[in-house]
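Hi everyone, thanks for making the time.

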Amino acid sequence: MTPENHSKVVTLMQAYFDGLHHADSTRLRAVFHPNLAYICATKGDELYLDLDTYMQRVDARVPPVERGDPREEDILEIAFAGPNLARVTARMSMMGRDFLDLLTLTHDGAEWRIITKVFSYTPRKDG
């Protein structure tokens with residue numbers, strides 16, 4: 001894929017991490033596709049939400065930045081499957097948990113958006 005598309009996905013991921021760390025649904029709505037599928041795949045905590053329901057949960061939480069959670073996140077992989085489809089594997093820690101996200105992105109000709117967020121988490125193991 002082009003360096004420009006790679007750069008755009010990295011920029012989108014920074015906005016994603018910022019939105020989560022600040023529990024900012026306005027920032028997150030800018031990176032998510034309106035038809036987002038949000039899926040928690042953690043055994044015993046399986047969950048399937050649409051964008052609006054997920055954003056209500058984000059709005060109701062104490063932002064990790066206010067909780068004093070350290071900022072820990074990484075993009076582990078960006079893979080393009082053509083000009084309009086990409087996958088990002090990312091990890092982050094917040095709210096006492098380590099998360100692994102598998103994100104599917106689509107490109108509508110103007111911008112990249114996350115259309116599926118499938119993730120799992122484990123309790124954080126601090127030193």
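Let me start with a quick one: is A23 buried or exposed? It counts as buried, at 13% relative accessibility. Before we go on, please keep in mind that this is a predicted model.

So where are we when we look at A23? It sits in the loop between helix 1, which covers 3–21, and helix 2, which covers 25–31. What I like about A23 is its backbone: phi is near 50°, a positive value in a residue other than glycine. Most residues other than glycine have a negative phi. Hold on to that, as we'll meet another case in a minute.

Okay, let's step back to the whole chain. There are four helices and six strands. If you read along the sequence, you get α-α-β-β-α-α-β-β-β-β. The radius of gyration is 14 Å, close to the 14 Å that the globule rule gives for 127 residues, so the chain is as compact as a globular protein of that length. If you want a box around the C-alpha atoms, think roughly 40 × 30 × 30 Å along the principal axes.

On the charge side, we have 15 positive and 19 negative charges, and their mean positions are 3 Å apart. And for contacts: take those between residues at least 6 apart in sequence, and 54% of them join residues at least 24 apart.

Now let's zoom in on D69. You'll find D69 in the loop between helix 4 (64–67) and strand 3 (72–80). D69 is buried, with a relative accessible area of 15%. And what does the side chain of D69 reach at 2.6 Å? That would be the backbone nitrogen of M95. There's also a polar contact of 3.4 Å between the side chains of D69 and R67. Leaving aside neighbours within four places in sequence, D69 is in contact with H21, P64, M94 and M95.

M95 is the other case I promised you. M95 has a positive phi of about 55°, although it is not a glycine. Its place is in the loop between strand 4 (85–94) and strand 5 (97–107). A23 is buried, whereas M95 is partly exposed, with a relative accessible area of 24%.

Last stop: E72, which is found in strand 3. E72 counts as partly exposed, at 24% relative accessibility. Which side chain does E72 join in a polar contact of 2.7 Å? It's the side chain of R124. R124 also turns up among the residues that E72 touches, along with R91, M92 and S93, not counting residues up to four places away in sequence.

Methods. Residues are numbered from 1 along each chain as its sequence is written. This is a predicted model: local features need pLDDT of at least 70, side-chain atom pairs count only at pLDDT 80 or more; totals for chains, interfaces and linings use all residues. Side-chain values use heavy atoms; hydrogens and water are left out. Helices (H or I, at least four residues) and strands (E, at least two) are DSSP runs, numbered from the N terminus. The radius of gyration is taken over C-alpha atoms; the globule rule is 2.2 Å times the number of residues to the power 0.38. Contact means heavy atoms within 4.5 Å. Lys and Arg count as positive and Asp and Glu as negative; His and the chain ends are not counted. The place of a charge is taken as NZ of Lys, CZ of Arg, CG of Asp or CD of Glu. Buried means under 20% relative accessible area, exposed over 50%, partly exposed in between (1.4 Å probe, protein chains only). A polar contact is a pair of N or O atoms within 3.5 Å; within protein, one must be able to donate a hydrogen and the other to accept it, and residues adjacent in sequence count only if both atoms are side-chain atoms.
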